[in-house]
Amino acid sequence: MSVSAEDRSWTGRVRRRAVAALPPEKLLPDKQPSYVSSWIYVLGVVSLSCLVVVIASGTILALKGPEWWHFTSVGHFFNSIHLWAVELFFFSMVVHLWGKYWMAAWRGGRARVWITGAVTFLVAIPCALTGYVSQQNFDAQWISTQAKDAMNAAGIGAFFNLMNFGQMYSYHVLLLPVLVVLIVSAHVLLVRRHGVVPPFELDEKLALARAGMVPEAGGGSAAAEPEGPAPGVDGDAQP
Amino acid sequence: MLAAVFNLNHHASYVHWHSISLSVSNVLVIAAMFVVFFAAILLPFPRGSRKGSS
């Protein structure tokens, strides 16, 4: 049996595995299960949008430098955008976490989705901390001196010196954002691969029971349920 | 230079509970997170068509 050129090349093998794991209709879907029509599912994309604004505003701040963000009105504005985008990012990410926890979103083989989400949260915290100590103002100096005591108490002060501005700024501008973006990308790709977790079966059974209690005169169809996210699925649901 | 909408030139007020010490603004943000969470679960989502796939 002859071996084709595609089988011999690692790029062909990687391509086939990637397409098998994430075919185009999963990578870029154009429909979603009906149960995704709920506001709780919006918080993930709100977090992503905030992250995009954080990265974009942070890039501009890095290009222009602290003289610009402290002493010009436009620079101060971008500094504020960066800060408040981070605040909204953590706000929406934590509410997203609450929603995913209470709907047990690791069900159905989605453990890695949960893990990448949790690791993103844990990596984003030092990313924000290194940003706070990089502000080039007195507040940043206060935070760095106080947090240095905390790092020393935790035993990592020799490796992570919050009063070493060069180290902290480099962590904040390069190392930690790259890590956050990589893990978030893995998180989103895993969601695409496994699909959005469906609601608990109990909810589905309760909804069917409620539909069964609808009077006969109104039509006995389960589709007569008036409002709220439908437990049954249309389109492309993956259990 | 425009004055801040809120006067920030005073000490923050803190809420103490055992070893936990939170500023009032921090408590308000946490409360807002709870509000958003329950609103996201309870508020109806606008639907373009009755049969769901979008």
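Trainee: What percentage of the 54 residues in chain B do buried residues make up?

Mentor: Buried residues make up 9% of the 54 residues in chain B. The term buried means under 20% relative accessible area, exposed means over 50%, and partly exposed lies in between, with a 1.4 Å probe and protein chains only. In chain A, 32% of the 239 residues count as buried. Please note that this is a predicted model, in which local features need pLDDT of at least 70 and side-chain atom pairs count only at pLDDT 80 or more, while totals for chains, interfaces and linings use all residues. Residues are numbered from 1 along each chain as its sequence is written, chains are lettered from A and ligands numbered from 1 in the order in which they are written, and side-chain values use heavy atoms, with hydrogens and water left out.

Trainee: How many helices and strands are there in chain A, and how many in chain B?

Mentor: Helices (H or I, at least four residues) and strands (E, at least two) are DSSP runs, numbered from the N terminus. Chain A has 10 helices and 0 strands. Chain B has 1 helix and 2 strands, and from the N terminus on its elements run β-β-α.

Trainee: Which residues make the nonpolar surface patch of about 450 Å²?

Mentor: Patches are made of residues with over 30% relative accessible area and no salt bridge; like charges are joined within 9 Å, and nonpolar side chains (Val, Leu, Ile, Met, Phe, Trp, Tyr) within 5 Å. A salt bridge is a side-chain nitrogen of Lys or Arg within 4 Å of a carboxyl oxygen of Asp or Glu. Here the patch is made by Val173(A), Leu174(A), Leu175(A), Val178(A) and Leu182(A). Leu182(A) belongs to helix α9 (residues 165-194) of chain A. Its relative accessible area is 56%, so Leu182(A) is exposed.

Trainee: Is His82(A) buried or exposed, and which residues does His82(A) touch?

Mentor: A contact means heavy atoms within 4.5 Å. His82(A) lies in helix α6 (residues 73-102) of chain A and counts as buried because its relative accessibility is 14%. Not counting residues up to four places away in sequence, His82(A) touches Val54(A), Ser57(A), Gly58(A), Leu61(A) and His172(A). A further case is Thr120(A), in helix α7 (residues 111-132) of chain A. Thr120(A) is buried, at 5% relative accessibility. With the residues up to four places away in sequence again left out, Thr120(A) touches Met93(A), Val180(A), Ile183(A) and Val184(A).

Trainee: What describes a pair of aromatic rings?

Mentor: Such a pair is described by the distance of the centres and the angle of the planes. Rings of Phe, Tyr and Trp (its six-membered ring) pair if their centres lie within 6.5 Å; planes under 30 degrees apart count as stacked, over 60 as edge-to-face and the rest as tilted. By this rule the count comes to 13 aromatic pairs over all chains. One of them is the edge-to-face pair of Tyr101(A) and Trp102(A), at 5.1 Å centre to centre with 85° between the planes. Tyr101(A) is partly exposed, at 43% relative accessibility, whereas Trp102(A) is exposed, at 60%. Trp98(A), Phe34(B), Phe37(B) and Phe38(B) form one aromatic cluster.

Trainee: Which residue lies over the face of Phe200(A)?

Mentor: A charge sits over a ring if NZ of Lys or CZ of Arg is within 6 Å of the ring centre and within 35 degrees of the ring normal. In this model, Arg107(A) lies over the face of Phe200(A), at 4.2 Å from the ring centre.

Trainee: Where does Ala104(A) lie?

Mentor: Ala104(A) is placed in the loop between α6 and α7 of chain A. The phi of Ala104(A) is near 50°, a positive value in a residue other than glycine. Gln136(A), which is not a glycine, also has a positive phi, of about 65°, and lies in the loop between α7 and α8 (138-154) of chain A. Ala104(A) counts as buried, at 10% relative accessibility, whereas Gln136(A) is partly exposed, at 39%.

Conventions
Areas by Shrake-Rupley, 256 points an atom, 1.4 Å probe, with all protein chains shown as cover.
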